[in-house]
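Colleague: I would like to go through this model feature by feature. Please give the general idea each time, then the case at hand.

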Amino acid sequence: MSPNFSRTKYISGILLVSLNIPVFTSENVMPVKEQNYTCKGLVDLTKAINGIFKNCEQAEMTINGKVVCDLTGCIPPMINRTLIKGCHIIKYRCFSNGSEEHITIIALLEGAKLTTMSGPYVQGESVRITCIAPKYYNAHSLRLIKDGKDTERTWITTQLTKHGVEFSIANITVEDSGNYTCAYQAETGKRTFNSSKSNVVAINIVVTENQNETGSTGLSTGAIVAIIFGTIFLVIIIIILVRWSEFRRFTTLWLNKFLPISSHQTR
């Protein structure tokens, strides 16, 4: 405990607490709750923690695995005089009205900034999305999220910023429409933390009239015409190859019939 405690007060405190500790059975233990907070540098968490302790008869708390409060007191003795700042994993047990509540508070790093090309986004084109993490974090494991689910898309570094990466979606379709965010991981205080989600970027894919006429293939009219003519030409070649012997016989008869007349007229 804190060096500010005298030995007499410390022992008296232990005896007093031990006499007043209610009995907590497994039936009175409430499910573990998880909460998150966004840490932006030196955010002061003291007020939030004080609010939790006001409802507790006794409390036990650890910050990043270190015990700072138990049933005999806190280190320092008055938690409301202690400024708790930064990114932490805080766990505490709150004993109140015969019940035992476990709550875990896990820090989330400040969210990244998500930007993209200006719309409209036309089906068949490509879209580039840039995710920029705060410069004071060495961000890694960046993820592009669509409608709350990880897209599992790979990213490349961008020359626009040292702290940003670029996601590319080629040949976009209507299925790529949705609300996009990004997230990352970084180390602070020798611990790895996830970030909160970035701002939301909405991407709505536009289908042109020509694309509607050609169906869901996404092919242009010119491409379809080329395919049709190519198919006709291929069919003609196949027919010639299959009927080659008859074609040669017909050609020979035709030449024998008309070639002498043409030669006589030439003379």
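Modeller: Begin with how elements are named: helices (H or I, at least four residues) and strands (E, at least two) are DSSP runs, numbered from the N terminus. In those terms, Asn64 lies in the loop between β2 (58-63) and β3 (66-70). Residues are numbered from 1 along each chain as its sequence is written, and side-chain values use heavy atoms, with hydrogens and water left out. This is a predicted model, where local features need pLDDT of at least 70 and side-chain atom pairs count only at pLDDT 80 or more, while totals for chains, interfaces and linings use all residues.

Colleague: What does the pLDDT average for the protein?

Modeller: pLDDT is the predictor's confidence in each residue, from 0 to 100. Here the protein averages 75, and 70% of the residues score at least 70. Residues 1-26 fall below 50, and beyond near neighbours in sequence that stretch has 25 contacts in the model (contact means heavy atoms within 4.5 Å). Residues 262-267 are also below 50, with zero contacts in the model beyond near neighbours in sequence.

Colleague: In what order do the four strands of the open sheet stand?

Modeller: Two strands pair if DSSP finds at least two bridges between them. The open sheet runs β7-β9-β13-β12, with antiparallel pairing. β7 (113-116) and β12 (155-157) are at the edges with a single partner strand each, so one side of each has no neighbour in the sheet. From one strand to the next the twist averages 30°, where axes are lines fitted to C-alpha atoms, for helices over the stretch in contact, and angles run from 0 to 180 degrees between N-to-C directions.

Colleague: How many bridges join β12 to β13?

Modeller: Three bridges join β12 to the antiparallel strand β13 (residues 164-169). Ile156 stands opposite Glu166 in β13.

Colleague: Is Thr130 buried or exposed?

Modeller: Buried means under 20% relative accessible area, exposed over 50%, partly exposed in between (1.4 Å probe, protein chains only). Thr130, found in strand β9 (residues 127-132), is buried, with a relative accessible area of 9%. Leaving aside neighbours within four places in sequence, its contacts are Lys113, Leu114, Thr115, Thr158, Val165 and Glu166.

Colleague: And which class does Asn64 fall into by accessibility?

Modeller: Asn64 counts as partly exposed, because its relative accessibility is 25%. Its phi is near 55°, a positive value in a residue other than glycine. Asn171 also has a positive phi, about 50°, although it is not a glycine. Asn171 sits in the loop between β13 and β14 (178-188).
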